[in-house]
Amino acid sequence: MNHSIDWRHSVRVMVVLAILGLTAFPIYWMLVTAMTSSGNLFASPTHLTPDLKQWPVFSKVFGETPVAIWLKNSALVALGTTGLSLLLAVLPAYALSRFRFAGVGLLGLGLFVTQMLPEAMLVVPLYAIFGQLSLLNTLTGLILVNTAFTVPVITWILKGAIDGIPIDIEEAASIDGCSRLGTVFNIVIPLIAPSLAATAVIAFFHGWNEYVFAQTLISDAHLHTASVGLAGFVGELSTPLHSVMAIGLMYTLPAVFFYLLVQRYVVAGMTAGSVKG
Amino acid sequence: MSSITLTQVTKVFVSKPVVDKVSLDVTSGEFLVLLGPSGCGKSTLLRMLAGLESLTSGEIHLGQRRVDALPPSARDMAFVFQSYALYPHMTVRRNMSFPLIMRQFKWWFHIPIIGHLAKRRIEASPEVSAMVDRTARILALTDMLDRYPRTLSGGQRQRVALGRAMVRQPEVFLMDEPLSNLDAKLRSSMRAEIIKLHRKLGGTFVYVTHDQIEAMTMGTRIVMMREGVVQQVGTPRDIYANPANTFVARFIGTPAMNLLLARMDAPQGQLEVGDQKFALPAHLASVTVGGSQDVLLGIRPNSLAIVDPQDKRGLAGTVSLVEHIGADSIITIKLDSVKTAHEGDSESDASDEIMLTKSGYSNLSAGSRVGVTMNLDNASIFSTSSGQRISTDLSVTCPVDFKN
């Protein structure tokens, strides 16, 4: 019996290690590539470990390229998208969950319709609109367009989470003196904190990784985000791979750290409301 | 303390009245119990009192003040939910302080950090702390003030819910089946706690339950409801001894009152049950039904006694089931010559079985032949057509408008 249990545990560990390997290996390979000299990149046999002597590549990249500015812009756009998305999604999610009114179903469906439109299709009309609103070439404009894409998804996720809160608790709050808005701030939002964290991750990564609008709506080099700056590194004649990978690694790590901060809320948030507590 | 007056209160859901023209007076300091089966409208009535449901029509007054248009927070009524409805993200102390914090609410409490600090300051203020600590002492919650609801047992959560209601010092306490989620033993002890609390606080309590034992032990008056209509209002003793109709008769008392088809001959002073004739007791002899008439005889299981099957005083029958419940035995008997009127009742599927309680352990078994005698001193008579009690005291036959 004990042997049977150990065998299953070993298989489980091996599967987890395999999945971990598959997902972590690209990041590791970026590190190896960044810390391998140009001459050895395509050498045989392939270098499987980073060359620690190549450590100055990171400081060189920081010195020779505006990667710090790109990362700052990406951070501003990602955090701005996250904050604005959550701010705009909470109350509609509450309304969709708690209020019954004519057209509530259509309204919900309407939120999904926006997700069917590819970004590339909207670039030209949005460019024209933003031009008239003087939002071209601004990080504010980029935050607004990213928010427009994330709010529908976040609204639906938060609606599901709010559905899982027993109505009794809100009624108790109203008897205790809470207005509807007070109930949302004092009771609902704290109880959907895991879902807020999960949706924050969604909004952050959308803002962090977004390329199409960042490339189209921003023309000034000092306003480029890291996704645009990194793409610009792929040259017509030569691509300094180790520099690209070094920047790519620096581009990846903040997002990974952000996820590590909120990861324990993500699964809880995604499944909140699915089982009656 | 305040009295409550309900005047023709009605609630209609999708053209179906779930509370139908209920008029009641609840005197100040009373412990009124709303009792009835599931779906009878008692919880809806309580929620309308609290302001959690709107009225379709009618009025609710708290003292001299009309409150049916006011929001829940303006009615000065505390509500204890069946599910306790504790705030899971707040400690016991914060749960109990919350109503007092909300009393001092300002619009800028919505601002994230500033509001949080302001609320904490109110919670820590001497007045609020003293009130919470005093209430926690009464409910033996002092050691649990810094714990979260998820770490508490059912009984402890119930006490926190009571504490949250008490700190507000409201005019009225409304309780919606607060003990139904507890096990039998805990329910019994919490019942006693609530009764003591009522005596200590002296407030007006309106309590909803489907459990007749809770109603009989806790209430100063009981309001029996069925399908949105009040069937009877009275003290537990009145309702038990003088049920207004067959529904109340069968709902109150365990085992339920037996309803036997009988023929009443008032001029002769006789009651014919099966093949036996009984002399009408004084309290039934005064009822005039006009000659001979079919009636339903309501008789409690403890007013029946087992005799020898050859005893001519008794109604002959066969034992169907014997249940031993510790100090007593419940014996189900199928009578030979008597029909019963136990409609839609799960206790007895057959139409001619009665239930009888006997003190001590019964040696009878299924299939035994027995005779059953009846003590009619506390019996009731009901109309076979309407199910209403036939009595010279008309006040217990009116199903509507129970204003004092």
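Domain bounds here come from an automatic or database domain assignment. I note that the model is predicted.

**Entry: domains of chain A**

I looked up how chain A is divided, and found domain 1 at 1–54 and domain 2 at 57–271. I then checked the separation of these two domains of chain A: their C-alpha centres lie 31 Å apart. For the contact, I listed 10 residues from domain 1 of chain A and eight residues from domain 2 of chain A. I sorted the side of domain 1 of chain A that touches domain 2 of chain A by class, and got six nonpolar, four polar and no charged residues.

**Entry: chain A against chain B**

I turned to the contact of the two chains, to which chain A gives 16 residues and chain B gives 17 residues. I asked which helices of chain A each supply at least two residues of the side that touches chain B. They are helix 7 (167–175) and helix 8 (180–191). By class, I have 10 nonpolar, three polar and three charged residues on that side of chain A.

**Entry: two helices of chain B**

I looked at helix 2 (residues 92–103) and helix 3 (residues 112–124) of chain B, which pack at an angle of about 105 degrees with their axes 10 Å apart. Angles of 65 to 115 degrees count as roughly perpendicular, so I record helix 2 and helix 3 of chain B as roughly perpendicular to each other.

Key:
Residues numbered from 1 in each chain as written. Chains lettered and ligands numbered in written order. Predicted model: local features only at pLDDT ≥ 70, side-chain atom pairs only at ≥ 80, totals over all residues. Contact = placed C-beta atoms within 7 Å. Helix = DSSP H or I, 4+ residues; strand = E, 2+ residues; numbered from the N terminus. Nonpolar A, V, L, I, M, F, W, Y, C, P; charged D, E, K, R; others polar. Axes fitted to C-alpha atoms, helices over the stretch in contact; angles between N-to-C directions. Parallel < 35°, antiparallel > 145°, perpendicular 65-115°, else oblique.
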